Amino acid sequence: MSTAQVWLDAYAERHQNPVNKALQWVCIPLIVISLIGILWSIPVPAAFYAISPALNWGTAFLLAAVVYYFVMSWSLALGMLPVVVGIVAVVIWMDSLPFSLLYASMALFVAALIGQFVGHAIEGNKAAFVDDLQWLMIGLLWILAAIYRQFGVRY
């Protein structure tokens, strides 16, 4: 069994309740977007900006995430590439709004986190990322894997 499948099976065990699953589908992408927005807001060295205005802690984290996904599963990693592009597009859009990206991302993070905790309270367990932050990376893969299964895509 692939490393990705081991992680996805373990994740699925903690997400059986339909309400929790639905909350995960909404809250996981929002948490990832908000985390990237928070990281995006942290000042970077001038050398980063000189290379590209888009080179920041958020995009650096996403690059590391894509490498992590490729180590786990080529198929899922390729599927994550458009997701990553979408996340970047949303964060750029949020950054263009007339309020602080940092504060908006923090508010979004708190709201989505509350949704996560409500889902896990209904499920009767705690969110896995409380014990291991890698689970934050697996959540998006779990959603993508479900989409793959709907379309018969192997991973």
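**View 1. Y155 in the segment after helix 7.** Residue Y155 belongs to the segment that follows helix 7, where helices are DSSP runs of H or I with at least four residues, numbered from the N terminus. The model is predicted, with local features requiring pLDDT of at least 70 and side-chain atom pairs pLDDT 80 or more, while totals for chains, interfaces and linings use all residues. Residues are numbered from 1 along each chain as its sequence is written, and side-chain values use heavy atoms, leaving out hydrogens and water. Y155 has a relative accessible area of 24% and is therefore partly exposed (buried means under 20%, exposed over 50%, partly exposed in between, with a 1.4 Å probe and protein chains only). Between the C-alpha atoms of Y155 and L39, which are 116 residues apart along the chain, the separation is 30 Å.

View 2. The volume of the largest pocket is about 150 Å³. On a 1 Å grid over the protein atoms alone, a pocket is an open set of points where a 1.4 Å probe fits, with protein on both sides within 12 Å along at least five of seven lines, and lining residues have an atom within 4 Å of a point. Grid points are joined across faces, edges and corners, and the volume is the space filled by probe spheres set on them. The lining consists of L35, L39, F61, Y68, L133, Q134, L136 and M137. Helix 2 (18-41), helix 4 (57-72) and helix 7 (134-151) are the elements that each give two or more residues to this lining. Helix 7 contributes the most, with three residues. Seven lining residues are nonpolar, one is polar and none is charged (nonpolar: Ala, Val, Leu, Ile, Met, Phe, Trp, Tyr, Cys and Pro; charged: Asp, Glu, Lys and Arg; polar: the others, Gly among them).

**View 3. E123 in helix 6.** Helix 6 spans residues 101-123 and includes E123. Although E123 is buried, it has no salt bridge (a side-chain nitrogen of Lys or Arg within 4 Å of a carboxyl oxygen of Asp or Glu). The nearest side chain of opposite charge is that of K21, 7.9 Å away; Lys and Arg count as positive and Asp and Glu as negative, with His and the chain ends not counted. The side chains of E123 and N20 are joined by a polar contact of 3.0 Å (a pair of N or O atoms within 3.5 Å; within protein, one must be able to donate a hydrogen and the other to accept it, and residues adjacent in sequence count only if both atoms are side-chain atoms).

**View 4. L76 and I92 in helix 5.** Helix 5 covers residues 74-96 and holds I92; L76 also lies in helix 5. L76 counts as buried because its relative accessibility is 0%, whereas I92, at 46%, is partly exposed.
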